[in-house]
Amino acid sequence: MHKLELKNVSIKRGNLTIGLFNFTFKENESILIYGPNGYGKTTLLLAIAGIIKYEGDIFLDEKPVKNYALEKRGITYAPAKPTLINRISVLDNLKISGNSAVEIAVEMGLKSYFGQKAYTLSDGMKKLVQVSMALGSSAPVILLDEPFAFISEEKSFELKSIINKTQGKIILITSHEIIQNFSEYIDISKYQLRNV
Amino acid sequence: MSFTLSTLYDIFLSPVSIPHTVVGIMLLLTFSPSSPFYPLLKSINPVDDILGLSLAMFYVSSPIYIMSIKETFDKADVELEYFIQSLGKDRYFIFEKVLIPEQFDSIIRIALLSLGRAISEFGSIIIIAYSVTFLPFFQYVKPVTVFIWYKYDVYGLSSALGYAAALLTISLLISFFIYALSRKNAQA
């Protein structure tokens, strides 16, 4: 059973300081971090991924992850910007993550795009491929920054159902609005230590 | 102001900031018996040699290559790198499978730009490699820019025109390829 713990975590980025975060997330939980833009939703994900510095401790399965390199941390971070390796095909992008990503992409109805070079896709399609790659990764923690941005309502619904079906992972998602059916909700506006 | 080796290089040694005839003299001095490097370099004689020609071309074109490549890599999509890295891939994978393929056209374009600069070099070449010998392939052959100057200086403008036109054609072809790659890059 995977477990992600944040103990007294605070993050300073530019004029923004957020914290203190004290949470324990368990396997099969999906957590929505919501709040207005500029309040630190992405900042929190970047800190958990280890891309930016933070105070406090983050434990994955009881082990501190602070000194782990991004590729060895067991945490996958999909940025808000729909970004893929443009010069290779959609299928080759998915294969970087693994076979599960390919299966998820098929489930999302992306099979007809597999042969296309990634740069030919719309931002919405890129986003779906990117999220498929993240959800299909072997990491126990998946961080999805604004996964519902750029995509249609219909695809958002499908994506939400895939996220809810995903087993064995802890999934943290950011959104500027509240979306129903997540296990836990974090209102980022309540964690403003300093926001100038 | 922090004074690093890089600053020293930018101010005093960068071929961008020193006249190229001086670069030629500097290269000559580096390999001369009075140079502090002479004990290490005494077995090498770059004067009128393919090595001297290559060194002069390399010295004047490498800063263009290095600065442009650095600028290109600085502009690379960091978020994509983080994303792929967080999928468990290390930095070598990112370099080989993300950075290089994504920037391939730029790398070729910059290489062509540097090649164009190297081909058009004159000032340092005339000092160190006026007439090049590279046995068994050729002997006493003047590099094209030196040859054009020689023709002009000795026989006059009409004699140099044909060679100048040929070099111009090559330079324009390189410029065309650079333009085509830039357009392709912008569209991708």
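Modeller: In this predicted model, contact means heavy atoms within 4.5 Å. By that criterion, 20 residues of chain B and 21 residues of chain A take part in the contact of the two chains.

Biologist: What area is buried between chain B and chain A, and which residues of chain B supply 30% of its share?

Modeller: About 1,900 Å² is buried between the two chains, with carbon and sulfur atoms giving 62%. On the side of chain B, the 30% comes from B:Phe83, B:Ser86 and B:Leu87, more than from any other three residues.

Biologist: What makes B:Asp105 and A:Arg87 a salt bridge?

Modeller: The rule asks for a side-chain nitrogen of Lys or Arg within 4 Å of a carboxyl oxygen of Asp or Glu. The closest N and O atoms of B:Asp105 and A:Arg87 are 3.1 Å apart, so the pair qualifies.

Biologist: Which helix of chain B gives the most to the side that touches chain A?

Modeller: That helix is α5(B), with seven residues. By class, this side of chain B comprises nine nonpolar, four polar and seven charged residues.

Biologist: Why is α4(A) called roughly parallel to α5(A)?

Modeller: Helix α4 (residues 123–135) and helix α5 (residues 153–165) of chain A pack at an angle of about 0°, their axes being 12 Å apart. Angles under 35 degrees count as roughly parallel, and therefore α4(A) is described in this way relative to α5(A).

Biologist: Which residues make that contact?

Modeller: A:Leu128, A:Val131 and A:Leu135 come from α4(A), while α5(A) contributes A:Lys155, A:Leu159, A:Ile162 and A:Ile163.

Technical notes:
Residues are numbered from 1 along each chain as its sequence is written. Chains are lettered from A and ligands numbered from 1 in the order in which they are written. This is a predicted model: local features need pLDDT of at least 70, side-chain atom pairs count only at pLDDT 80 or more; totals for chains, interfaces and linings use all residues. Side-chain values use heavy atoms; hydrogens and water are left out. Buried area is the accessible area (1.4 Å probe) that two parts lose on being put together, summed over both. Helices (H or I, at least four residues) and strands (E, at least two) are DSSP runs, numbered from the N terminus. Ala, Val, Leu, Ile, Met, Phe, Trp, Tyr, Cys and Pro count as nonpolar, Asp, Glu, Lys and Arg as charged, and the others, Gly among them, as polar. Axes are lines fitted to C-alpha atoms, for helices over the stretch in contact, and angles run from 0 to 180 degrees between N-to-C directions. Angles under 35 degrees count as roughly parallel, over 145 as roughly antiparallel, 65 to 115 as roughly perpendicular and the rest as oblique.
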